[in-house]
Amino acid sequence: MATWRRDGRLTGGQRLLCAGAAGALSLTVTAPLELATVLAQVGGARGPARGPWAAGLRAWRAEGPRALWKGNAVACLRLFPCSAVQLAAYRKFVMLFTDDLGHISQWSSIMAGSLAGMVSTIVMYPTDLIKTRLIVQNLLEPSYRGILHAFSTVYQQEGFLALYRGVSLTVLGALPFSAGSLLVYMNLEKLWNGPRGPRDRFSPLQNFANVCLAAAVTQTLSFPFDTVKRKMQAQSPHLPHHGGVDVHFSGAVDCFRQIVKAQGVLALWNGLTANLLKIVPYFGVMFGTFEFCKRICLYQNGYIVSPLSYKLTPGVDQSLKPQELREFKKFFKTGQLKSKKPTL
């Protein structure tokens, strides 16, 4: 099976920093499309104009250009703790699914990734709920003055469990997500391998195509669960118009029922167009930023001659880890100094 191998020339902190910077920039660039998606899911995108841009344009005209980035700050702040929890959970699940010979199947690897993502989502779920609340509120008449005020207000007015409203949909949505991931990667691997048989690893372009196609399929399959989750997150008797939710319900099952009854089955996929349009620029910015930050770290570690290219530094063993390379350089430098000392 082809893999996308982790570069051992980076330290764990450097990998986390590169991933965090790439994730924050990609979230910021695609924040207007995220706003359009959430407003369409909740029901706040109602109006004569239709389409993925309608909700964003209405928010711009009513609240100003800053409204297009509502909720983006909390989305960026949750990246690092969410990634740390997901990485720790993934390692635990990989150890659980690995056999006695140290091998793990493709299905087990995808399941480990899906379960790790679900664990991190559940742990950091309150921040996702706050992001939704900040998106649906009106900046001109805000119910929450910021992230911390939103946390304290929800906790005081609605209780601790309100911060986890809709979390069950995350667990249910993981099932079609995992199935879709396995389906896409199995078929893409057959497509890329061709008549030459299985290859050892994919190219960067193939990895980018794999991620985009997998995201499109899995998000489409799990989108109804995400729509109901957004409505449950936004609904509150303490917000104007109950948070802008277009249907009234008493729970997750009743929410499904009321959406289908009032608007039809396809209403469960409201906002899907904006969500799909977000995939290519999101992962494009993420891949490009990660590679640029990676080159800076490799240059700092001494593996390449410039952060603008991947030209390798002559005489440097690329298989050495950063700590090993530093120790080797230190040893080599100390040896040279000793050789220059005069002898009696």
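Predicted model: local features only at pLDDT ≥ 70, side-chain atom pairs only at ≥ 80, totals over all residues.
Let's call a residue buried when its relative accessible area is under 20%, exposed when over 50%, and partly exposed in between.

Take Arg-165 to start with: its relative accessibility is 24%, so Arg-165 counts as partly exposed. Its salt-bridge partner is Glu-158, with the closest N and O atoms 3.1 Å apart.

Side chains of opposite charge can pair when their charged atoms come close. Searching the whole structure turns up 12 salt bridges, so let's look at a couple of others.

Lys-231 and Asp-246 come together in a salt bridge, at 2.7 Å from N to O. Here the partners sit in distant parts of the chain, 15 residues apart: Lys-231 belongs to helix α10, while Asp-246 is in the loop between α10 and α11 (252-263).

Now for Lys-229, which forms a salt bridge with Asp-128; their closest N and O atoms are 3.3 Å apart. Lys-229 lies in helix α10 (residues 204-234) and Asp-128 in helix α7 (residues 125-136), so this pair ties together parts that are 101 residues apart in sequence. Both Lys-229 and Asp-128 are buried.

That pair doesn't stand alone, either. Salt bridges with shared partners join Lys-229 and Asp-128 into one network with Glu-34, Lys-131, Asp-226, Arg-230 and Lys-278.

Key: Residues numbered from 1 in each chain as written. Heavy atoms only, no water. Salt bridge = Lys/Arg side-chain N within 4 Å of Asp/Glu carboxyl O. Helix = DSSP H or I, 4+ residues; strand = E, 2+ residues; numbered from the N terminus. Buried < 20%, exposed > 50% of the residue type's maximum accessible area, 1.4 Å probe, protein only.
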